[in-house]
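Have the model open while you read.

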Amino acid sequence: MFKDKKIVFSGVQPSGTLTIGNYLGAIRNFTAFPEDHHCYYCVVDEHAITVRQDPAELRRRTYETLALYIACGLDPEKNTLFVQSHVTEHAELCWILDCYTMFGELSRMTQFKDKSAKNADNINAGLFTYPVLMAADILLYQTDLVPVGNDQKQHIELARNIAERFNGIYPGTFTVPEGFIPQSGARIMSLADPTKKMSKSDENENAVVRILDPRDVIIRKFKRAVTDSGSEVRRGEGKEGVGNLMNVYSALTGKTDEEIEKEFAGRGYGDFKAAIGEVCADVLAPVQSEFTRLVADKKYLESVMKKGADEARYNACRTLSKVRRKVGFIEPVRD
Ligand code: AQP
């Protein structure tokens with residue numbers, strides 16, 4: 001397929017109110033691509049139902065996630081912003097790719113193991129084939145770059161393997177994508193347990209800072225973050241909590257470890273935590289006020305969804321029809 005621009009694709013699940021992990025690891029970097037890239041950013045509602053969702057909540061969060069994309073700086077005139085389930089080609093390509101993905105590969109996915117442990121009463125087939133749907137999302141647009149946090153590295157590798165396998169059988173079908181992982185903020189850990197990733201679906205509210213948390217809540221959550229019995233702001237064994245806070249502070253301010261250590265030398269954890277809370281609240285304040293304005297305008301959000309889905313569908317159909325031909329399906333006869 002002829003491409004005059006590099007293609008970027010990524011998505012976020014509307015499976016909870018987004019966290020600073022989602023922001024620093026992914027969304028903030030969605031705005032990093034120059035104009036010679038065409039960017040597709042999707043609200044991946046089909047991925048979200050691999051874990052049981054309340055339907056009304058899922059709908060509300062889908063609008064909210066789209067509003068957050070725009071509030072974080074993604075201009076719908078310059079980016080294709082859309083909802084995954086509005087472009088049914090994702091699910092259709094997923095089925096075809098399922099037939100080119102090995103059971104053994106999917107069994108090795110750490111997110112499947114983690115989510116199965118968390119949802120022991122609902123280990124459904126969708127949870128297992130989640131990475132194939134993600135590969136379909138990416139490959140449908142002949143994507144070159146996928147901006148994601150560190151936790152998605154394994155899924156990107158699988159998408160590459162599927163693309164290479166498929167191209168090996170049917171040459172020239174897919175662009176083989178590359179992950180685009182930020183230098184800082186790629187893996188923000190839980191504030192309650194720094195050995196665990198911060199996740200929007202965490203039931204412990206003190207473990208996560210959400211993009212929409214009010215200023216006083218952000219400050220309080222950082223104050224309560226688990227650290228260790230020491231007081232020195234530096235990395236080290238047994239200091240995973242402080243290391244995580246240094247990652248957050250560095251991602252928010254651009255400061256190096258050395259600069260952070262110097263800034264807080266002799267001041268203790270209390271000062272450090274207070275400073276992170278203030279900086280984080282300052283960074284998120286403009287996003288929050290823009291979000292409040294956007295989310296009240298459902299008509300506008302629906303117009304963005306429609307425009308985005310129309311653009312996405314046009315390109316998704318081109319790839320899908322190529323794939324259908326390659327595997328030997330007869331093109332449907334249309335009137
Ligand atoms: N803690 C994190 N640090 C850095 N990046 C993160 N991402 C998620 N958590 C962190 C990145 O955010 C993007 C969207 O993630 P997702 O919604 O597709 O699913 P996820 O990775 O499973 O995120 P969550 O927050 O943990 O969701 P739930 O709780 O529903 O499972 C991805 O690029 C991801 O890397």
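Start with the rings: the count comes to 15 aromatic pairs, where Phe, Tyr and Trp rings (for Trp, the six-membered one) pair if their centres lie within 6.5 Å, and planes under 30 degrees apart are stacked, over 60 edge-to-face and the rest tilted. One of them, Phe33 with Phe180, is tilted. That pair ties together distant parts of the chain, with Phe33 in the loop between α1 and β2 (37-43) and Phe180 in strand β5 (residues 178-180). Helices (H or I, at least four residues) and strands (E, at least two) are DSSP runs numbered from the N terminus.

A word on the source: this is a predicted model, with local features needing pLDDT of at least 70 and side-chain atom pairs pLDDT 80 or more, while totals for chains, interfaces and linings use all residues. Residues are numbered from 1 along each chain as its sequence is written, and side-chain values use heavy atoms, leaving out hydrogens and water.

On the charged side, the structure holds 24 salt bridges, meaning a Lys or Arg side-chain nitrogen within 4 Å of an Asp or Glu carboxyl oxygen. Arg165 and Glu105 make one of these, linking helix α8 (residues 153-169) to helix α5 (residues 103-107).

Here are the two example pairs side by side:

| Pair | Distance | Separation in the chain |
|---|---|---|
| Phe33 and Phe180 | 4.9 Å, centre to centre | 147 residues |
| Arg165 and Glu105 | 2.9 Å, N to O | 60 residues |

Now for the domains, whose bounds come from an automatic or database assignment. Domain 1 covers 6-181 + 298-327 and domain 2 covers 205-292. Their contact (heavy atoms within 4.5 Å) takes twelve residues from domain 1 and 15 residues from domain 2.

How many salt bridges sit between domain 1 and domain 2? The count there is zero. On the side of domain 1 that touches domain 2, α1 (20-30) and α3 (55-71) each supply at least two residues.
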